[in-house]
Amino acid sequence: MTDSNLRTRLPALGPAHAHEHGHDCVSWHADGQTHAARWRSETGALPPKKLVLADDTLPADTAYRLACEGTGLLWRGDFQNARQLLQALGRRIDKRQARQPARQSVAGAPPDLTQAFHLHRKTQAERARILARLLIVLDAHYTIALRRAPDVRAACTEAYGPADGPCVVPLRELQGLIGAHEWRKKGVPVAALGGATLHPHYGVFSPVRGEYLDLVAQAPLPAVLNPQPQDSKAGGPAREAAAWDVGTGTGVLAAVLLRKGVARVVATDLSPRALACADDNLRRLGLRDRVDLLACDLFPPGQAGLIVCNPPWLPGKPSSAVEQAVYDPDHRMLRGFLAGVGAHLSPGGEAWLILSDLAEHLGLRSREQLMQWIADGGLQVLGRLDTRPRHGKAHDRDDPLHAARSRELTSLWRLGRLTQA
């Protein structure tokens, strides 16, 4: 192994800019030459302050010690051996965390569950930091010049865009790119769409939890969405009433609404990746001509008879692009939706809020807070549909948050203006 100081040429950027600007550069010495490459991290991880060259001769215990110290391991051996080393590092992290003082029981009061949640997030973050220190070099064409390395050019192009020079990436993130590429090729069947397949893009949350889609498929559409004939004297075709899908992601809710009989949907999102993903999926489903995709924060101008939103369910700082669909600091999107949706509802219209109560069981939000935010938005509850989650963690007693997950309900809240009859 050869030690080398890693030099950061510009200050590290935040998660949102990790690959868009990517001015950070790492350098190392090997084969009598100095090499440099762009640093890439989709999670916003900073480049390690120290770098060593590592290969198949590096013992896993030594690699683990170096990674825990913050040293980056630039891999130059067999690619499949690097994957095995990553698994070995993961086992050592799990073993160390298991030896830590026993967690307090999470079967009782909400404060214990809150503590369990924060401890769970802390251990997840620590694990991610250590595993992110095993690094791979991609050349200027997204090729890995290692023995038994896979072809990752398509996966990297989908995630990063066209290649623009060599780069260094954490192997763990690279595996995420490869997995996302396979999911995108294979697709995810959606029961609420009659088994049709959606193809999630990298960094866009996959609709793997189908219970919330079933709620949207089952909920009765508000009467205002029924096409209304124009005045007989005016003549002309029936007027189309639009629904809005706020934070569309893969476009799955827009597709479900259209399959329910909604004439037209306006789908919004701030993420360029999400909008590209929704565009791709809606074209595959033959629905693109009935959807307007807009890049905006929450609401477009105007009003609609139905406004649907599935915001992140838990408050917290997301550690990656895909986690933005799960974690949202201080419930920013949830509170923004409830505060502003009333002004965008046409008379007789409804807002459908799709939300899990897991945050309530974890002590991160109370039902009283949610009801107050609804009231503060000038809204009233017209009805609610509930379902229980079907994912594996809901029944996994070894999960540290099992006491909360086992009581979780996912709800579709039908909201209307307070002045509405």
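Start at the hairpin of strand 2 and strand 3, which has 2 residues between its strands; there Asp31 takes a positive phi near 55 degrees. This is a predicted model, where local features need pLDDT of at least 70, side-chain atom pairs count only at pLDDT 80 or more, and totals for chains, interfaces and linings use all residues. Residues are numbered from 1 along each chain as its sequence is written, and side-chain values use heavy atoms, with hydrogens and water left out. When I say helix or strand, I mean DSSP runs, numbered from the N terminus: helices are H or I with at least four residues, strands are E with at least two.

Strand 2 and strand 3 run antiparallel and are joined by 6 bridges; two strands count as paired if DSSP finds at least two bridges between them. His29 stands opposite Thr34 of strand 3. Buried here means under 20% relative accessible area, exposed means over 50%, and partly exposed is in between, with a 1.4 Å probe and protein chains only.

The structure holds 24 salt bridges, a salt bridge being a side-chain nitrogen of Lys or Arg within 4 Å of a carboxyl oxygen of Asp or Glu. I will take three of them.

First, Asp164 and Arg38 meet through their side chains at 2.7 Å, N to O. Asp164 is in the loop between helix 4 (153–160) and strand 7 (167–170), while Arg38 is in strand 3 (residues 33–39), so this pair ties together parts 126 residues apart in sequence. Which of the two is buried? Arg38 is, with a relative accessible area of 14%. Asp164 counts as exposed, at 51%.

Arg40 is found in the loop between strand 3 and strand 4 (50–54), and it is buried, with a relative accessible area of 2%. The side chains of Arg40 and Asp164 are joined by a polar contact of 3.4 Å. A polar contact is a pair of N or O atoms within 3.5 Å; within protein, one must be able to donate a hydrogen and the other to accept it, and residues adjacent in sequence count only if both atoms are side-chain atoms.

Next, Arg121 forms a salt bridge with Glu323, with the closest N and O atoms 3.5 Å apart. Arg121 lies in helix 3 (residues 110–131) and Glu323 in the loop between strand 13 and helix 9, so the pair ties together parts 202 residues apart in sequence. Arg121 counts as buried at 18% relative accessibility, and Glu323 is buried with a relative accessible area of 18%.

The last pair is Glu158 and Arg184, whose closest N and O atoms are 4.0 Å apart. Glu158 belongs to helix 4 and Arg184 to helix 5 (residues 171–186), so parts 26 residues apart in sequence are tied together. Glu158 is partly exposed, at 31%.

Asp245 has Val308 of strand 13 as its bridge partner.

What lies across strand 14, strand 15 and strand 16?

Helix 9 (residues 332–340) has Met333, Leu334, Phe337, Leu338 and Gly340 as its buried residues. Those residues pack against several elements, including strand 10 (242–246), strand 13 (304–309) and helix 11 (367–376).

To finish, the whole chain. It has 12 helices and 16 strands, and 50% of its 421 residues count as buried.

Key:
Contact means heavy atoms within 4.5 Å.
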